[in-house]
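Here are my notes on the model, as numbered points. Please keep the structure open while you read.

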Amino acid sequence: MTRFLNIWDIFDEFEVVCRLKGWENFEHEDLVKADGKYHYLILTHEIRPKTFKKIVLNPHQGIREKESYKIVDVSYIAWISERRIPEEVLSFLAENPFLLSRVALYDVSPLHEGKKECLRINETDSPVFLEFENFLSSYGIEVKPLKRRISING
């Protein structure tokens with residue numbers, strides 16, 4: 001029987017690695033503060049194109065501090081999706097290449113097929129995202145480039 005890797009458990013362990021590196025994690029948000037910059041990791045079952053566009057075009061995120069919130073500027077956003085990344089999202093990034101310096105995509109759907117691979121688009125210089133990729137590799141998960149799928153209809 002093939003054992004599937006649970007990305008949620010891997011992600012929890014990655015948060016521990018971030019703390020060990022001296023990076024700040026936040027209890028209520030999937031944010032990591034490293035080198036004075038905020039890195040937002042969004043672990044999701046599925047990327048919804050409308051939500052994706054809203055978030056990547058608004059680089060602000062509220063973080064909880066005790067009983068209140070403050071708004072921070074997010075330098076980098078990584079989307080980690082359990083399902084294949086929609087073509088609409090890939091097309092949106094292709095049409096807005098300026099976003100590639102701060103937005104990364106990780107498609108971990110092959111893990112659910114029993115493959116030890118993650119497909120990615122990451123042209124950022126985020127040390128957190130690079131560490132995430134190294135962390136996946138330490139699990140034996142090969143990180144491969146994600147290429148746009150070509151539609152049969154055009």
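1. Ground rules. Helices (H or I, at least four residues) and strands (E, at least two) are DSSP runs, numbered from the N terminus. The model is predicted: local features need pLDDT of at least 70, side-chain atom pairs count only at pLDDT 80 or more, and totals for chains, interfaces and linings use all residues. Residues are numbered from 1 along each chain as its sequence is written, and side-chain values use heavy atoms, with hydrogens and water left out.

2. Asn 122. Start in the loop between strand S7 (117–121) and helix H5 (127–138), where Asn 122 lies. Buried or exposed? Asn 122 is buried, at a relative accessible area of 16%. Buried here means under 20% relative accessible area, exposed over 50%, and partly exposed in between (1.4 Å probe, protein chains only).

3. Partners of Asn 122. The Asn 122 side chain has a polar contact of 3.1 Å with the side chain of Tyr 106. A polar contact of 2.6 Å links the side chain of Asn 122 with that of Thr 124. The rule for a polar contact is a pair of N or O atoms within 3.5 Å; within protein, one must be able to donate a hydrogen and the other to accept it, and residues adjacent in sequence count only if both atoms are side-chain atoms. Setting aside residues up to four places away in sequence, Asn 122 touches Ala 104, Tyr 106, Phe 129 and Glu 133. Contact means heavy atoms within 4.5 Å.

4. Overall fold. The protein has 5 helices and 8 strands. From the N terminus on, the order of elements is α-β-β-β-α-β-β-α-β-α-β-α-β. The radius of gyration is 16 Å, close to the 15 Å that the globule rule gives for 154 residues, so the protein is as compact as a globular protein of that length. That radius is taken over C-alpha atoms, and the globule rule is 2.2 Å times the number of residues to the power 0.38. Along the principal axes, the C-alpha atoms fill a box of roughly 50 × 40 × 25 Å.

5. Burial and contacts in total. Of the 154 residues, 46% are buried. Among contacts with a separation of 6 or more, 66% are between residues 24 or more positions apart.

6. Ala 78. This residue sits in strand S5 (residues 68–81). Ala 78 is buried, with a relative accessible area of 0%. Beyond its neighbours within four places in sequence, Ala 78 contacts Tyr 40, Leu 41, Ile 42, Ala 104, Tyr 106 and Phe 129. Ala 78 and Val 128 are 50 residues apart in sequence, with 9.7 Å between their C-alpha atoms.

7. Aromatic rings. Rings of Phe, Tyr and Trp (its six-membered ring) pair if their centres lie within 6.5 Å; planes under 30 degrees apart count as stacked, over 60 as edge-to-face and the rest as tilted. By this rule there are 8 aromatic pairs. In one of them, the ring centres of Phe 14 and Phe 135 are 5.6 Å apart and the planes are at 55 degrees, so the pair is tilted. Phe 14 is in helix H1 (residues 7–20) and Phe 135 in helix H5, so this pair ties together parts that are 121 residues apart in sequence. Phe 14 and Phe 135 are both buried.

8. Phe 135 has a relative accessible area of 9% and is buried, whereas Tyr 139 counts as partly exposed at 24%. Ring pairs join Phe 14, Tyr 106, Phe 132, Phe 135 and Tyr 139 into a cluster.

9. Cysteines. How many disulfides does the structure hold? The count is 0, where a disulfide is a pair of cysteine sulfur atoms within 2.5 Å. For Cys 18, the nearest cysteine sulfur is that of Cys 118, 15 Å away. Cys 18 is buried, with a relative accessible area of 1%. Cys 118 is buried too, at 0%.

10. Pro 145. Strand S8 (residues 142–145) holds Pro 145. With a relative accessible area of 53%, Pro 145 is exposed. Neighbours within four places in sequence aside, Pro 145 is in contact with Leu 119 and Arg 120.
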